[in-house]
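Happy to walk through this one with you. Let's take the labels one at a time and ask what stands behind each.

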Amino acid sequence: YHANRNNRLFKYFLTQFDGLADVRSAHPITLMNSEPQPDIALARLPENRYDARHPGPGDLYLVLEVSYSTLEYDLGRKREIYGAAGIGDYWVLNLRDRKLHVFGDLVEGVYQQRRDLVDGAACVSAFPQVPVSVAQLIGV
């Protein structure tokens, strides 16, 4: 279920962000002390800038985790890790409760804003002109 959902999300993000960002699916990113593999990441173009390295926090517009069994970890510790790394937009697609948790407004490594969405649209801070359908992400 998780793998198929991630594949569908990847295709959706490819259509939404074509020419705007490098859409990455389950590939490593480099943080100070780890190299997590978020389910979806939007990174700066051109994509050949990652031929010799993984994207780092300064390259990333969005990190999204698809979550069911790891929900508490993704909303807790993983949120703290991404915030401390300086990743401005962090989203958790909660498959258990069919919600999108949107974290933003990063101040000194801590997300000041959390929105829990069940419909409508969310926007990546760097691309306010590109609505991301919450229903499309949830799979309604």
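**Labels and the values behind them**

Helix 3 is followed by Gly86, which has a positive phi, near 95°. Keep in mind that this is a predicted model.

Q: Which residues of helix 3 are buried?
A: In helix 3, residues 77-85, they are Lys78, Tyr82 and Gly83.

Q: Why are the buried residues of helix 3 said to line one face of the helix?
A: Looking down the axis of helix 3, its buried residues fall within an arc of 135°, so they line one face.

Q: What covers the buried residues of helix 3?
A: The cover includes helix 2 (71-75) along with strand 3 (60-67), strand 4 (90-94), strand 5 (99-107) and strand 6 (110-117).

Q: What makes strand 3 a mostly covered strand?
A: Eight of its eight residues are buried.

Q: How do you know that strand 3 pairs with strand 2?
A: Pairing needs at least two bridges, and four bridges join strand 2 (residues 40-43) to strand 3. These two strands run antiparallel, and Leu42 stands opposite Leu62 in strand 3.

Q: What about strand 3 and strand 4: parallel or antiparallel?
A: They run parallel, joined by five bridges. At least two bridges are required, so the pair qualifies. Tyr90 in strand 4 is the bridge partner of Val63.

Q: Why is Ser25 called buried?
A: Its relative accessible area is 17%, and the label applies under 20%, so Ser25 is buried. Ser25 is found in strand 1 (residues 22-25).

Q: How many aromatic pairs does a search of the whole structure find, and which residues do ring pairs link into a cluster?
A: The search finds eight aromatic pairs. Tyr12, Phe13, Phe17, Tyr61 and Phe127 are linked into a cluster by ring pairs.

Terms used:
Residues are numbered from 1 along each chain as its sequence is written. This is a predicted model: local features need pLDDT of at least 70, side-chain atom pairs count only at pLDDT 80 or more; totals for chains, interfaces and linings use all residues. Side-chain values use heavy atoms; hydrogens and water are left out. Buried means under 20% relative accessible area, exposed over 50%, partly exposed in between (1.4 Å probe, protein chains only). The arc is that of the directions from the helix axis to the C-beta atoms. Contact means heavy atoms within 4.5 Å. Rings of Phe, Tyr and Trp (its six-membered ring) pair if their centres lie within 6.5 Å; planes under 30 degrees apart count as stacked, over 60 as edge-to-face and the rest as tilted.
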